[in-house]
Amino acid sequence: MFDQLSVDVSKATTKAYSTSFSLGIYFLQPKLRDAIYSIYGFVRLADEIVDSFAGYDQKRLLAKFTEETYEAIENKISLNPVLNSFQHAVNQYGIENDLVATFLKSMEMDLQKVDYTEEKYKQYILGSAEVVGLMCLRVFTHEKRELYDELKPYAMKLGAAFQKVNFLRDMKDDYVILGRTYFPNVNMSHFNGSVKKQIELDIEQDFKTGLDGIKKLPASSKGGVYLAYVYYRSLFKKIKKVPAHRILNERIRINNGKKLQLMINSLVINKMNLV
């Protein structure tokens with residue numbers, strides 16, 4: 001009963017924070033959904049600590065969360081429902097501790113002012129996005145080690161594309177409210193169309209590689225991942241049309257009606273085996 005409650009809490013967390021990922025998970029085969037809800041719930045809790053808990057000792061909270069995460073994985077139980085569901089996914093699907101550690105290291109980076117060089121930018125993308133894609137890929141390719149190894153670089157690029165789109169979408173809050181600038185060697189006081197275009201070209205290449213990988217996924221996960229791709233691709237196209245100065249003054253969104261239409265289109269395309 002407690003294990004089911006734990007998954008339900010992670011599922012509720014996913015639905016509360018991300019309608020797009022909730023839609024994507026819905027298109028996965030039912031046997032995969034609980035683990036992906038659990039991974040998202042874990043990632044979201046860590047992200048909340050570093051993004052939303054201003055006024056609290058965020059460093060201590062993240063350190064405690066990290067300690068409890070490893071204890072949950074080792075002991076195969078936690079009284080924190082999200083960590084309990086996450087440890088179950090980790091242990092069931094063989095998600096490596098190295099992936100968890102790399103993710104948490106990126107969360108630590110958000111607790112301090114970082115001048116992002118190209119190297120540190122890649123390090124942050126690896127931890128905050130690429131390894132999350134690999135956690136999910138472990139679930140999608142369960143007991144298919146060769147397929148996991150084949151799809152690993154594609155999953156990392158897709159995760160990177162999603163995260164970089166998030167950076168553009170959230171630039172106003174990240175820079176103005178949180179004082180963060182993720183893109184390397186970018187002076188935000190001189191953020192212009194030329195700089196934005198260079199970032200977009202990089203994201204385009206990540207999307208291209210990511211789509212190649214989606215085509216090779218098992219049928220059990222292809223539809224859900226493709227829907228996430230379609231959503232982020234549509235958000236990216238919308239962002240590309242917005243002038244650079246507006247990126248710093250507003251958060252670009254896709255409304256729920258548009259998300260529903262994307263879901264329908266994705267279902268049709270997937271059924272036609274065009275992906």
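This is a predicted model: local features need pLDDT of at least 70, side-chain atom pairs count only at pLDDT 80 or more; totals for chains, interfaces and linings use all residues.
Side chains of opposite charge can pair when their charged atoms come close. One of the pairs lies within a single helix. Arg44 bridges to Asp47, with 3.3 Å between the closest N and O atoms. Both residues belong to helix H3 (residues 30-52); they are three residues apart, and therefore separated by about one helical turn. Arg44 is buried, and Asp47 is buried too.

Other bridges join separate elements. Arg233 pairs with Glu204, the closest N and O atoms being 2.8 Å apart. Arg233 sits in helix H11 (residues 219-240) and Glu204 in helix H10 (residues 193-214), so this bridge ties together parts 29 residues apart in sequence. Arg233 counts as buried because its relative accessibility is 17%, under the 20% cut-off. Glu204, at 22%, counts as partly exposed.

Asp170 forms a salt bridge with Arg251, at 2.9 Å between the closest N and O atoms. This pair links distant parts of the chain, 81 residues apart. Asp170 is in the loop between helix H8 (145-169) and helix H9 (171-177), and Arg251 is in the loop between helix H12 (244-247) and helix H13 (256-271). Asp170 is buried at 15% relative accessibility, whereas Arg251 is partly exposed at 31%.

Salt bridges also form a network, linking Lys157, Lys164, Asp202 and Asp206.

The surface carries a nonpolar patch made of Phe2, Leu5, Ile77 and Leu79. Together these residues have about 420 Å² of accessible area. Ile77 is placed in the loop between helix H4 (58-75) and helix H5 (81-93).

Definitions and conventions
Residues are numbered from 1 along each chain as its sequence is written. Side-chain values use heavy atoms; hydrogens and water are left out. Patches are made of residues with over 30% relative accessible area and no salt bridge: like charges are joined within 9 Å, nonpolar side chains (Val, Leu, Ile, Met, Phe, Trp, Tyr) within 5 Å. Accessible areas come from the Shrake-Rupley method with a 1.4 Å probe; for residues, only the protein chains shown count as cover. A salt bridge is a side-chain nitrogen of Lys or Arg within 4 Å of a carboxyl oxygen of Asp or Glu. Helices (H or I, at least four residues) and strands (E, at least two) are DSSP runs, numbered from the N terminus. Buried means under 20% relative accessible area, exposed over 50%, partly exposed in between (1.4 Å probe, protein chains only).
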